Structures are given as C-alpha cells and as structure tokens.
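Student: I have a structure open here and a few things to ask about it. Can we go through it together?
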Amino acid sequence: MADQEDVEFKTVDGITLRGRIYAAKERGPGVVMSPGFNAVKELAGVPAMAAAFQAAGITALVYDPRTVGLSDGEPRNDINPFREIDDLSDALTFLSAHARVDARRGVGLWGMSLGGATALCAAALDPRARFAVAAAPATEYAHDGGRLSGVLAKAARDRESRVKGNEPLYVPMLNAKGESPAGFNLGMDREAGMRLLGMQDEGDALRAALAPNHVNRTTVGTYRNLLLWDPRHVWRYLDKTPVMFVVPENDHLIGRDAQLRHYELLPGPKRLHVQTGVGHMDVLEGPGQPLVHKLQIDFVWDALAGRV
C-alpha cells in the first residue's frame, strides 16, 4: 500500500469528496483532518501535520471540503459550516473502513481555523470520535457592521436571481490588499493574505490561487451562512470527548483571548497549548513546527489511552 493515496468518498446526500490518505505503516488509529475557510488540503501546514500523524502510526485523511478544490458540490465555493459538520461524520465513516485503520483503537477529528470549529461540533455530535484537535479554531467571526447591510442585500438579490436560473454571485475571498471585501475575518490575516497573494503571478486577484486547486472567491451567500454560524452552544456537549486547543499567541484574526475563553468553557477533558510568536496562519509552520506536531501527537495517544 502506498504511503499516500488519493481517495474519494460519498456523503449522505450524494456529494463526492476528494482527498488524500496518509497511511501509517501498521494498522492503528486514524484521524480525519479538515482545513480552514474556503481552504484546500494543501494550505497552512496541513500536509505536514498529516505526514507527522502518519509517521507516528496514526493514519490521516485530509480532504477538500464540499464545493472547494477537487471535491464536488454546487455552487462552487459556497461555504456552509453546517454541511461541513455532517461531512466530517461521513469522512469518519470512510476512514474507519480503511485497511490501515483499526476503529476499535480509536478515530478522531482534527481541524484548522473554521475546520477546527466544525471538528469540535462534529465530535460533540458523533460519539465515534474519540478525540478532537482544534488548531487556531474559529470560535467566533467578527464582521464590519458598516458593510453588513450591503452584503445581506447582495445575498438576497443573489438568491432571487438564482431562483430564476442564473449563476451565483461571487466575491473575492481576499482583494488585492489582502482583505475581505465583505468585511469578515475569514481565517486569514492581512499579512498572511498579502504574503500568499504576493507569491502568485496573476494580475486578477479574483482568480489568484493560494494553493493548488484553490480559487480565491466565495459566493456572496457564504456570508449569510456565517451570520448564522455560532458553534459554541454545541461544544457544551463535549463533556466526555478529550479536546486539544492549539492557540497562536499572536492571533489577531480570531483572537488569542477569544480562543482561550472558549477553551475554559469546555466541560470535558482538555489540553491547551499556546504557541508563542506565531499568528493565525502560521501556527502549524515555522521553527516551532516540530514541537507543535509532537504535542498534538502526544495528545492523541493520551486521549486514546484515557490520560487526558
């Protein structure tokens, strides 16, 4: 069996999701991994984290969320956290049946940014998840109130137009200044956005790819979905599932203090690591990467052994 294997699987509602399995050398536990807002599986240090799990004997599945990257789903780049929660459970079903995974030894969920928040929700709702790891979790989204009425007006016109058979209205995820034109903090701070956009050699920011198969746009309806998104009431059901938060010290996007506040509210077994000197997009990368990897791997083994 290859160390890395491109795979696809179906969700309950028939959508095909595509990703990659990092198979451990021997049969053992597994982890499903979800990237951030409108992110593909190649972004923000996710592949390196998957490879670290693999090297530690934990088979990892990382995939593009529905409507994003190589995965199916229409409209394209229509981000809906509620559907992504359900998809994580379907991914758990798929991974549990893999030849290198022994579900009796335990399977769990991991996520980055928005993926961290949806992983926590899925773990709260799916008792098969034996653990959950949230790296820089999007505990809450802030938005520019001055732009909100205009964004919602566009979203309403978009729905009206789509009922008539027209294509959805898209807006850039990041504009040429590295900012969200919709006024939402989307899991990528301005500095990181400018750095990634600056790596591209394309004049049109709307089509600038931040990673392979990534498209720098979302539907305007995405922001209507985000206004409904408040996962905190679900996390109170994490009373038995071990949870780890990996919090960037300099997270100016979601905010370190906001993440710590939500961590303190978790009712069950939990573990916290605050990574010094990094921002939201850098928490899995840079000089501290070996330590961050090790701490998450140790947590998974401890969680499966009942030591959290």
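Student: Which residues line the largest pocket?
Tutor: This is a predicted model. In it, the lining of the largest pocket consists of E74, P75, D78, N80, R83, D158, R159, R162, G221, R224 and N225.
Student: How does that lining split by class?
Tutor: There are 7 charged residues, 3 polar and 1 nonpolar.
Student: Which helices each supply at least two residues of it?
Tutor: α4 (145-163) and α6 (221-227) do.
Student: And what volume does the largest pocket have?
Tutor: About 170 Å³.
Student: Switching to helix α1. Which of its residues are buried?
Tutor: α1 covers residues 46-55, and V46, M49, A50, A52, F53 and Q54 are buried there.
Student: Why would residues three or four places apart point the same way?
Tutor: An α-helix has 3.6 residues a turn, so residues with that spacing point the same way.
Student: What follows α1?
Tutor: G57 does, and its phi is positive, near 90 degrees.
Student: Now the whole protein. How many helices and strands?
Tutor: The count is 9 helices and 10 strands.
Student: How much of the protein is buried?
Tutor: Of its 308 residues, 56% are buried. The protein exposes about 12900 Å², with 51% of that supplied by carbon and sulfur atoms.
Student: And what about contacts between residues at least 6 apart in sequence?
Tutor: Among those, 73% join residues at least 24 apart.

Key
Residues numbered from 1 in each chain as written. Predicted model: local features only at pLDDT ≥ 70, side-chain atom pairs only at ≥ 80, totals over all residues. Heavy atoms only, no water. Buried < 20%, exposed > 50% of the residue type's maximum accessible area, 1.4 Å probe, protein only. Helix = DSSP H or I, 4+ residues; strand = E, 2+ residues; numbered from the N terminus. Contact = heavy atoms within 4.5 Å. Areas by Shrake-Rupley, 256 points an atom, 1.4 Å probe, with all protein chains shown as cover. 1 Å grid on protein atoms, 1.4 Å probe; cavity = no way out; pocket = protein on both sides within 12 Å on 5 of 7 lines; lining within 4 Å. Points joined across faces, edges and corners; volume = space filled by probe spheres on them. Nonpolar A, V, L, I, M, F, W, Y, C, P; charged D, E, K, R; others polar.
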